[in-house]
Amino acid sequence: MDILDIIKPENQVFCKSRLMTDATLSYCPGCGHGTAHNLTMEVIDEMGIVEDTIGVAPVGCSVLAYDFMNIDMTQAAHGRAPAVATAIARTWPEKYVFTYQGDGDLAAIGTAETIHTCNRGENIVIIFVNNGIYGMTGGQMAPTTLAGMRSSTSPYGREIETMGSPLKITELVANLPGVYYATRQAVHTHKHVRKTKKAIRKAFENIRLKKGVSFIEIVSNCNSGWKMNPVESNAWMEENMFAYFPLGDIKVNGKLK
Amino acid sequence: MSELKLMKGNEALAEAAIRAGVDAYFGYPITPQSEVIEYLMSQRPEKRTGMVVLQAESELAAINMVYGAASTGKKAMTSSSSPGISLKLEGISYLAGAELPAVIVNVVRGGPGLGTIQPSQADYFQSVKGGGHGDYKLYVLAPSSVQEMADFVEDAFDIAFKYRAPVLILSDGLIGQMMEKVTLKDQKERMSNEELIKKYGNWAVTGKKDRERNIITSLDLQSEKMEARVHRLLKKYQQMEKEDLRFEKIHCEDAEYLIVAYGSSARISQKAVELARAKGIKVGLLRPITLFPFPKQQLLDLAAQVKGILSVELNAGQMVEDVQLAVQHKVPVLHFGRTGGIIHTPEEILEALEQKIIKNGHTRHHKTRESSLL
Ligand SMILES: Cc1ncc(C[n+]2csc(CCOP(=O)(O)OP(=O)(O)O)c2C)c(N)n1
Ligand code: SF4
Ligand SMILES: [Mg+2]
């Protein structure tokens, strides 16, 4: 069989979404952000809701999400995307509003906005890319950095006694009545990509049904921040990140698993 | 129909916001301005006009909610008092950088720190010199009556949308808390989504439909682009100075001495002017209504006429620096003010004018600033 026989539309599992721009991704090769973007755009395209979708970009590596997602977007101050999204969803209740945030953005500086937006049950989707580090600013410790994990601000490894434990914010917000759906996924293999896409689809469907917050954590790699090559970083992620941040649904249809 | 009512400044502002067809208010309680959100909540604005009113978890959240609604072209506002405004400054800087229309109200109390809940004008520098980070300015309106608390809401939104820039209403605990007669305007309808999309579809994020997508951001990683943005902002500020300066002159025609005061200080100074004139001292009052733009030329013109100027402020001496700059040291300019929430009396102001300016100020030589507090 020729390679061109395989690359047929019906066989193509992964391709660039029509809703991704032609701008060159600013992400490091191997980084999960690009895949997470693409999946979000695929879902919006497939649901036919682009005309009614408003995205909120964070501060972090994905600050330029609006360069790549070919939809209406506004860029929020560091950590404040849920507040920005709250106001959009409240003043445009018929729209599909989502935030796209990193772990520093969502679980450190923006913790209050995250918790209160979830607690109010705003009708939005939160896509939360947890790479256990501050990618954008050069690999500092994040609230999600694992115990013993090295970063530029925990050069001898995260010490729990002085730096606290890595924060499982998805479990935390899943306990709030305003959160209808909370799940933890990954995008480093095709199997995981398929699952994550399903989760994102479910989340956007929940907006249609006006169910409140759908919270999608994507555990991802930051090969640059972790100082590994992409293959190593994915193996390290499976072994260490998934052990502490186990994949799977945490709350479905308003019920904790 | 317009309506005459007796109201607190804060309540008049809130009622005016509903009547002006404001789409959204986001706030967090703090004295002396909590009446704004309390009044709004009592009015069921979601029923009256469909206005969204939300108590946020913090001033940070509130200002970023304003940013969100403003990104979509909605008329959004917030109010707070000094410590809360300090928290909002990052968001205000983002609003300026991203070129979004919004209205922020500061009902100032004494500081620094937790300070006092009593009235103050100590946030002048913060209001007119930027406050937050970066090269930006706010258009600043300073109401000196309950009527202006009401009127300035619509004026502020007009300016905000004219320039796509944040506007600050700089009030204080005195104007916010006092009760006066106020004429309220007729109810305006909120703009429909269809009309909004037609009007602001060239920039607002409302969902990409029949057009290229819109992006709201204040980020320019390329220096040339960032400089172009800063220049674009500067142009707006220059245009504001040309087209939207506001001030009031009281008894300035024959004035030999001048008081410069805004907001509550202007109200009290007006009485001091009357007391002075009863004694035969020809005093005028220049009241800046906008603190940026500032009536620089008007001050310079008056400097050719008067023998000295007293800047009366409820602070340790802030606006006085701008008055000095404006008059280019042509006449002595001194400051008088009380702090800590103490409000000067008209008699104190007159006494300060007599002691600091009239007794010392007949010579036209340059005077350096001296301790001007009581
Ligand atoms: C108020 C403020 N504080 C700090 C920063 C600097 N800063 C930018 S991105 C970032 C961390 C982002 O990390 P994360 O949210 O995990 O995103 P990632 O880059 O890892 O995807 C920090 C601290 C900022 N821009 N604004
Ligand atoms: S620094 Fe990390 S998170 Fe940022 S693009 Fe590179 S790999 Fe991705
Ligand atoms: Mg991160």
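Reader: What does B:Met77 touch, leaving out residues up to four places away in sequence?
Author: This is a predicted model. In it, B:Met77 contacts B:Leu13, B:Ala17, B:Val22, B:Ala24, B:Tyr25, B:Phe26, B:Val66, B:Val103, B:Val105, B:Val153 and B:Phe157.

Reader: Which residues have the most contacts inside the largest nonpolar core?
Author: Those are A:Phe215, B:Phe26 and B:Met77, in a core of 131 residues.

Reader: And which helix gives the most to this core?
Author: Helix α7 of chain B, residues 146-163, with 11 residues.

Reader: Where does this core lie relative to the domains of chain B?
Author: Between domain 1 (3-195) and domain 2 (247-372) of chain B, because both give residues to it.

Reader: What about another core, apart from that one?
Author: There is one of 38 residues. A:Met20, A:Met41, A:Val193 and A:Ile216 are among them.

Reader: Switching to the metal. Which protein atoms are donors of the magnesium ion, ligand 3?
Author: OD of A:Asp103, OD1 of A:Asn131 and O of A:Ile133.

Reader: How are the donor residues spaced in sequence?
Author: The spacing is D-x27-N-x1-I.

Reader: Which parts of chain A does the pair A:Asp103 and A:Asn131 tie together?
Author: A:Asp103 is in helix α5 (residues 103-109), while A:Asn131 is in the loop between β4 (125-130) and β5 (133-134), so the pair links parts that are 28 residues apart in sequence.

Reader: Is A:Asp103 buried or exposed?
Author: Buried, with a relative accessible area of 2%. A:Asn131 also counts as buried, at 6% relative accessibility.

Reader: Now strand β3 of chain A, residues 96-102. How many of its residues are buried?
Author: Seven of its seven, so by the under 20% cut-off the strand is mostly covered.

Reader: Which residues point which way from β3(A)?
Author: A:Tyr96, A:Phe98, A:Tyr100 and A:Gly102 point one way. A:Val97, A:Thr99 and A:Gln101 point the other way.

Reader: In what sense does β1 of chain A pair with β3(A), parallel or antiparallel?
Author: Parallel, over four bridges; β1 covers residues 53-57. A:Val56 stands opposite A:Thr99 in β3(A).

Reader: How many bridges join β3(A) to β4(A)?
Author: Five, and these two strands run parallel. A:Tyr100 stands opposite A:Ile127 in β4(A).

Technical notes: Residues are numbered from 1 along each chain as its sequence is written. Chains are lettered from A and ligands numbered from 1 in the order in which they are written. This is a predicted model: local features need pLDDT of at least 70, side-chain atom pairs count only at pLDDT 80 or more; totals for chains, interfaces and linings use all residues. Side-chain values use heavy atoms; hydrogens and water are left out. Donors are N, O and S atoms within 2.8 Å of the metal (3.2 Å for Na, K and Ca); water is not among the atoms, so sites may look incomplete. Buried means under 20% relative accessible area, exposed over 50%, partly exposed in between (1.4 Å probe, protein chains only). Two strands pair if DSSP finds at least two bridges between them. A nonpolar core is a set of buried Ala, Val, Leu, Ile, Met, Phe, Trp, Tyr and Cys residues joined through side-chain atoms within 4.5 Å. Domain bounds come from an automatic or database domain assignment. Contact means heavy atoms within 4.5 Å.
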